[in-house]
Amino acid sequence: MVETGRSLMEAVRERCGRCPGRSVSICNVIEDQDLPALVAESSRAVVQAGRCFIQEGAPAHDFYVLTGGRAKLFSLMPDGRRQIVGFAEVGDFLGLASSESYAFTAEALGEVTLCRFPHSAIDRLVERFPRLHGRLQQEASSELVKMQARLMLLGRKTARERLASFLVEQASPCCAHALKDEHGPLTLPLPMSRTDIADYLGLTIETVSRTFSLFRKEGLISIRGASSVTLLSPGLLSDMAGGIKRS
């Protein structure tokens, strides 16, 4: 029993002590002294690049908190066409909207680390930590807001506005303040391919590549390699994403 307790505390130090998702995920409503209960109800997983950890249509037995890396979320049509519905980041809680089966597939973009929570474990944690219930409601509300923004993006925005919206969206989690004024250059990692971006924005890869080139010629961005982009005028891109035209 003593050994089990010691192993649990080691797991808490290893998984939670330096976890980049600790402050932004559902875990942030759990006090440090209560982390052993969180760890006891979950397991850690490492997923290699290109591997799927959620499969569309599979029984939805688990929830996932992304603690490292990025993942793309997509659905397939019967004829094989793919629609990317989102890109998960550190701290994201996946599976909340699922009922009996998952509504999307989640594939790792580079190595991904996860905490896996069985549905029954979340039920027990909510009962023990009532604040967690409110945090899960916040997650559900956030998903609804994202869905509404995505409907606007696909239904009303031009190709330029869609790509600007995507770049602003990638910057928002860490640098939201930089998008409200004429901030200096902002470099963002883009682990997803141009094809992924096209499938997310509902555009062809040719249109995405052409729009990236136009943004570069206009001095809005600079690109070095395919895995990052520097926003040279974050404020202008933010305005473009919102349909605001500067004179």
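These exercises work through one predicted model, each with a stepwise solution.

The numbering of residues starts from 1 along each chain as its sequence is written. In this predicted model, local features need pLDDT of at least 70, side-chain atom pairs count only at pLDDT 80 or more, and totals for chains, interfaces and linings use all residues.

**Exercise 1. The whole chain**

Find how many helices and strands the chain has, and why its radius of gyration agrees with a compact globule.

Step 1. Count the elements. The chain has eight helices and nine strands. Helices (H or I, at least four residues) and strands (E, at least two) are DSSP runs, numbered from the N terminus.

Step 2. Apply the globule rule: 2.2 Å times the number of residues to the power 0.38, with the radius taken over C-alpha atoms. For 247 residues, a compact globule would have a radius of gyration near 18 Å; the chain has 20 Å, so the two agree.

Step 3. Along the principal axes, the C-alpha atoms fill roughly 70 × 45 × 30 Å.

Step 4. Check burial. Of the 247 residues, 46% count as buried. Buried means under 20% relative accessible area, exposed over 50%, partly exposed in between (1.4 Å probe, protein chains only).

**Exercise 2. The two sides of α7**

Determine which residues of α7 are buried and which are exposed.

Step 1. Locate the helix. α7 covers residues 205-217, 13 residues in total. From first C-alpha to last it reaches 18 Å, close to the 18 Å expected at 1.5 Å a residue. The expected span is 1.5 Å times one less than the number of residues.

Step 2. List the buried set: T207, V208, T211, F212 and F215. They cover an arc of only 135° around the axis, which puts them on the same side of α7. The arc is that of the directions from the helix axis to the C-beta atoms.

Step 3. Recall the geometry. An α-helix has 3.6 residues a turn, so residues three or four places apart point the same way.

Step 4. Turn to the other side of α7. There, E206 and K217 are exposed.

Step 5. Look past the helix. G219 follows α7 and has a positive phi, near 80°.

**Exercise 3. The setting of S233**

Step 1. S233 has a relative accessible area of 13%, so it is buried.

How values were computed. Side-chain values use heavy atoms; hydrogens and water are left out.
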